[in-house]
Amino acid sequence: MSGTENLPITDLGTLKALAHPLRMQLYRGLCVARTATASQLAEQVDEAVSLVSYHLRKLAEHGLIEAAEPQSGDARERWWQPASQGVTIRDKDFRHAPEKAAAHLAATRLFHQQRTDMYRRYLDERLTWGPEWNSAAPDNESLLRLTSAELAELSEELLALAKKYDEKGRAAEAAGETEGRENVALHVYGFPFRT
């Protein structure tokens with residue numbers, strides 16, 4: 001992974017490239033695996049390797065992923081990695097034009113649907129994870145009274161805390177502490193509402 005920070009997505013073309021259901025699955029899968037081939041990712045998403053290769057090239061064209069160092073001696077295999085730690089998509093970059101705002105909303109709905117699907121899968125498989133994981137997995141809701149500035153501050157603090165734990169986990173894994181370590185999705189939503 002060449003970048004250590006999130007890649008800001010500010011243009012419509014890149015947003016549309018990522019906001020494709022299969023491409024988002026592939027991107028997420030690549031972020032989890034860190035490096036993978038089209039064949040490996042095709043197996044994960046149950047799609048043809050040729051189709052997966054096409055969509056990986058589209059992600060690469062927009063700078064979302066890049067070629068990685070080969071992880072095997074097979075010169076025919078092309079390895080991919082995320083071009084950054086993740087992506088950042090901000091409302092402010094898309095709200096000023098109707099087409100951009102519509103694309104941003106459609107992308108956001110897709111991302112949230114896929115996250116919901118991930119969580120439902122966890123719930124369906126919950127018994128297979130065991131009590132230690134089920135006790136550790138947070139499932140809570142907080143109803144707060146905040147200003148938009150306070151919500152923005154809370155969001156920044158939560159992101160910093162998640163980054164701290166990600167760095168801690170990656171460092172421990174690099175040091176060989178792999179036992180009991182799993183991929184963990186942390187989804188945080190904060191939004192205003194009126195009763």
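How far apart are the end C-alpha atoms of helix H8 (residues 148-174), and what span should its 27 residues have at 1.5 Å a residue? The views below start there. This is a predicted model, in which local features need pLDDT of at least 70, side-chain atom pairs count only at pLDDT 80 or more, and totals for chains, interfaces and linings use all residues. Residues are numbered from 1 along each chain as its sequence is written, and side-chain values use heavy atoms, with hydrogens and water left out.

**View 1. Helix H8 and the residue Gly176 that follows.** Helices (H or I, at least four residues) and strands (E, at least two) are DSSP runs, numbered from the N terminus. The expected span of a helix is 1.5 Å times one less than its number of residues. For H8 that gives 39 Å, and the end C-alpha atoms are 39 Å apart, which agrees. Gly176 follows H8 with a positive phi, near 95 degrees.

**View 2. Aromatic pairs.** Rings of Phe, Tyr and Trp (its six-membered ring) pair if their centres lie within 6.5 Å; planes under 30 degrees apart count as stacked, over 60 as edge-to-face and the rest as tilted. The count is 2 aromatic pairs. Tyr119 and Tyr122 have ring centres 5.9 Å apart and planes at 35 degrees, so this pair is tilted. Both lie in helix H5 (residues 98-124), 3 residues apart, about one turn of the helix. Trp129 and Trp133 form an edge-to-face pair, 6.0 Å centre to centre with 70 degrees between the planes.

View 3. Buried means under 20% relative accessible area, exposed over 50%, partly exposed in between (1.4 Å probe, protein chains only). Tyr122 is buried at 17%, whereas Tyr119 is partly exposed at 32%. Trp129 is partly exposed at 28%. Trp133 is partly exposed too, at 26%.

**View 4. Strand S4 (residues 79-82), covered on both faces.** Trp79 and Gln81 are buried on one side, Trp80 and Pro82 on the other. In a regular strand the side chains alternate between the two faces of the sheet. Two strands pair if DSSP finds at least two bridges between them. Strand S2 (residues 36-37) runs antiparallel to S4, joined by 2 bridges. Here Ala36 stands opposite Trp80. Strand S3 (residues 65-67) is also antiparallel to S4, with 3 bridges. Ile65 stands opposite Pro82.
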